[in-house]
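Q: I have a structure open here and would like to go through it piece by piece. Can we start with a single side chain and work outwards?

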Amino acid sequence: MTLTESQIQRYSRQIILREIGGVGQETLSQSTVLVVGAGALASPLAAYLVAAGVGHLILMDGDKVELSNLQRQFLHTTQRVGMAKATSAATALSQLNPEVKITAVEERLTADNAPQWLPQCQVLADATDNFASRYLMNDLARHYAIPLVSGAVLAFDGQVTVFRHGMDPKAPCYRCLYPQPPDPAATPTCATAGVLGPLAGMIGSLQALEVIKCLLNIGDSLAGNLLLVSGLYGLFHKVTVDKNPHCPACC
Ligand SMILES: [Zn+2]
């Protein structure tokens, strides 16, 4: 495959990066990424992946756009309140870059529908807001042997990491970090504790960066580390994540 003149112009600022170049751009254009969730994290995450020229983006979300989403989920618009979020996001993304194939799936990711979407993907990105989905994606990333780029936000705080346990048996997984789901009744959510839009924007952007690094195999990924962000105090901490010898998924 050869880049067209239009593609060279569109992607010129990243093609001139030594780590990407024309070869990297072609690799991006031949890549498929599954982003699960079409909300606050997915807004910057999917937008940057599409803008960068990832070949095929699959976007899954079973919810509809609500007015309370718009403060942080900028792929959606006031006019599209009530529309399926996957389709609303795909509408914005296809305008951003019509060269990218975008598949909007108006369903949650489940163990039943995963075989339809996962086998074609090189990276799985978690842009959801619930623990059930995170544990499911952890299992799927292992099964399909692809990296899982994970992000989470609440209030002014966020975290991002990459799990490579599907490709490296020595690598920690999500359950190594969080062996058991917390009690839902005692767990704050964005609906109960709030979340600020720019914080979600930072975490989703970091996820996009990690996805691109995974696809191109450049730099040092956050695999084995958890990047913790305190938006309110401007603090970034990177902590090591070890494999848990008692992990219910790894043992
Ligand atoms: Zn584990």
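Q: Which residues does Lys64 touch, leaving out those up to four places away in sequence?
A: In this predicted model, Lys64 touches Asn69, Gly82, Met83, Ala84 and Lys85 once residues up to four places away in sequence are set aside.

Q: And where does Lys64 sit, and is it buried or exposed?
A: Lys64 lies in the loop between β2 (56-60) and α5 (85-96), and with a relative accessible area of 51% it counts as exposed, because the cut-off for that class is over 50%.

Q: How far is Lys64 from Thr240 in space?
A: Their C-alpha atoms are 37 Å apart, and in sequence Lys64 and Thr240 are separated by 176 residues.

Q: Switching to the metal, what holds the zinc ion?
A: The zinc ion is coordinated at 2.3 Å by the SG atoms of Cys173, Cys176, Cys247 and Cys250, and along the chain these donors follow the spacing C-x2-C-x70-C-x2-C.

Q: What parts of the chain do Cys176 and Cys250 come from?
A: Cys176 belongs to helix α8 (residues 174-177), whereas Cys250 is in the segment after β8 (235-240), so that pair links distant parts of the chain, 74 residues apart.

Q: Why is the arrangement called tetrahedral?
A: The four donor atoms around the zinc ion subtend angles of 105 to 119°, and the arrangement is tetrahedral because all of these angles fall between 85 and 135 degrees.

Q: Are Cys176 and Cys250 buried or partly exposed?
A: Cys176 is buried, with a relative accessible area of 8%, while Cys250 is partly exposed at 23%, and the two fall into separate classes because the cut-off for buried is under 20%.

Q: OK, on to the strands: what does β7 pair with?
A: Strand β7 is joined to β6 (residues 157-163) by four bridges and to β8 by six bridges, and it runs antiparallel to β6 as well as to β8.

Q: How many residues of β7 are buried?
A: Five of the six residues of β7 (residues 225-230) are buried, so the strand is largely enclosed by the rest of the structure.

Q: What about the turn between β7 and β8?
A: The two strands form a hairpin with four residues between them, and Gly234 in that turn has a positive phi of about 65°.

Q: And Leu235, what does it contact?
A: Leu235 is found in strand β8 and, leaving aside neighbours within four places in sequence, is in contact with Leu228, Val229 and Ser230. Its relative accessibility is 40%, which counts as partly exposed.

Q: Last topic, the nonpolar core: which residues touch the most other members?
A: In the largest nonpolar core, which has 43 residues, these are Val33, Val35, Leu45, Leu49, Leu57, Leu93 and Val211. Helix α10 gives the most to this core, with nine residues, and a second, separate core of 20 residues includes Ile58, Trp117, Phe163 and Tyr174.

Q: What does α10 look like by itself?
A: Helix α10 (residues 197-216) has 20 residues and reaches 29 Å from first to last C-alpha, close to the 28 Å expected at 1.5 Å a residue. It is mostly covered, with 15 of its 20 residues buried, and it is followed by Asn217, whose phi is positive, near 55°.

Definitions and conventions: Residues are numbered from 1 along each chain as its sequence is written. This is a predicted model: local features need pLDDT of at least 70, side-chain atom pairs count only at pLDDT 80 or more; totals for chains, interfaces and linings use all residues. Side-chain values use heavy atoms; hydrogens and water are left out. The expected span of a helix is 1.5 Å times one less than its number of residues. Buried means under 20% relative accessible area, exposed over 50%, partly exposed in between (1.4 Å probe, protein chains only). Donors are N, O and S atoms within 2.8 Å of the metal (3.2 Å for Na, K and Ca); water is not among the atoms, so sites may look incomplete. Four donors count as tetrahedral if all angles lie between 85 and 135 degrees; four count as square planar and six as octahedral if opposite donors are over 155 degrees apart and all others between 65 and 115; anything else is irregular. Two strands pair if DSSP finds at least two bridges between them. Contact means heavy atoms within 4.5 Å. A nonpolar core is a set of buried Ala, Val, Leu, Ile, Met, Phe, Trp, Tyr and Cys residues joined through side-chain atoms within 4.5 Å.
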